[in-house]
Amino acid sequence: MAVGYQTFCKKMRDQQLSWKGNKLQEVKVEGTWAGKHYPFILPRGQGEMNLWPGIRKDGKFPLAAYLNRTGVQAHKGRDHLLSSWTLCANLYFPFGQDDEGKAVLAEFLRARVDPRIRTVTAVELEFEDPNPELKPDALLGETDGSRGANQTSPDVAFLVELDGGRPGLVLTEVKFTEHSFYDCSARRKRRAAKQSAPCGDMAKLLASPVTECPQHVDLKRRYWDHLTKAFNGPGLSQCPAAKGGYQLFRQQALAEGLAISGKYGLVVSAVAWDERNPSLMRSLARAGVGDIAKDWATHFMKAKAAYKTFTHQEWANWVGSVAVLSGKTWLSNWAEYSRLRYGL
């Protein structure tokens, strides 16, 4: 890993441990992972302490009630102080729970994602379209999953209404201290078994993904079904999912399938990331995507789905500014928590 990335991770770990020592003094026991104790993991019985107080069980917008109602599976690592799943819940989930939060979020999305966005109608974690024909099993061939487990379920989706009244959808992958968007699972299994994985011959792959893509051949997953016509990838040395771009590739495929369906007037595949972690945006450089924030979309210029990125800092600064002007207590409390907890 790059020195800059290692420095960032150490800084974030130290900050989280400092926050824990100052704000979670009642947490006396270390949590465990794979049978080992770690100071940066909360014990399971005190996992609620990893959440902004407003989304704890006794808070204004209890996350547990939402998970129980929807059947969404929380990430197994949610008790880790550096969990991006927990960061996603802390930073974005509250703003879909009342009209005040939705209005703030709509203004941000209108400025940062698409000017046609008028209102936010809902914020969903681990999004799955309710139409059976548009679920990941039908669109992508992911037959063994559910919301939050073993399928392409974007971390958070912002359901919006556009000018003119049509629905829109912003599917968002949320990252914190991750070094990449991870490697293709089918390619990884083939390489472990010392089998060929022809992910580097883009012309051959695009000509017949059904016979060449390990995801298609081995798992019957149809990501390229939606992306072949959208893709114009000069300069790529391998499939963007092969090494470092798997999650981003899957979300782009889901977004394209939903966009093609015609249900939505706008579908966006987005990434929300920490600006202190530029290594994440360079994690596909070897494949030919020099800067994921700027260059990913250039390889999908024929897509119906759009692609955008924004940083957690941009979002926190936006809310902080609104909180000062509005004088709303919960917005101010959230802004202060985000500053103290994550340094945003």
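## What counts as a helix

A helix here is a DSSP run of H or I with at least four residues, numbered from the N terminus. The model is a predicted one, so bear that in mind with what follows.

## Helix 2 and its buried face

Let's start with helix 2, which covers residues 63–70 and buries Leu-63, Ala-64, Tyr-66 and Leu-67. Look down the helix axis and these buried residues sit within an arc of 160 degrees, so they line one face of helix 2. The general rule behind this sort of pattern is that an α-helix has 3.6 residues a turn, so residues three or four places apart point the same way.

What do the buried residues pack against? For helix 2, the partners are helix 3 (84–91) and strand 3 (117–125).

## Helix 4 against helix 14

Over to another pair: helix 4 (residues 99–112) packs on helix 14 (residues 312–326) at an angle of about 130 degrees, and the axes are 11 Å apart. That angle is why helix 4 counts as oblique to helix 14. The crossing of helix 4 past helix 14 is right-handed.

From helix 4, the contact draws on Val-104, Leu-105, Glu-107, Phe-108, Ala-111 and Arg-112. Helix 14 brings Glu-314, Trp-315, Trp-318, Val-319 and Val-322. Sorted by class, the contact between helix 4 and helix 14 has eight nonpolar and three charged residues, with no polar ones.

Terms used:
Residues numbered from 1 in each chain as written. Predicted model: local features only at pLDDT ≥ 70, side-chain atom pairs only at ≥ 80, totals over all residues. Heavy atoms only, no water. Buried < 20%, exposed > 50% of the residue type's maximum accessible area, 1.4 Å probe, protein only. Helix = DSSP H or I, 4+ residues; strand = E, 2+ residues; numbered from the N terminus. Arc of directions from axis to C-beta. Contact = heavy atoms within 4.5 Å. Axes fitted to C-alpha atoms, helices over the stretch in contact; angles between N-to-C directions. Parallel < 35°, antiparallel > 145°, perpendicular 65-115°, else oblique. Left-handed = near helix turned anticlockwise from the far one by under 90°. Nonpolar A, V, L, I, M, F, W, Y, C, P; charged D, E, K, R; others polar.
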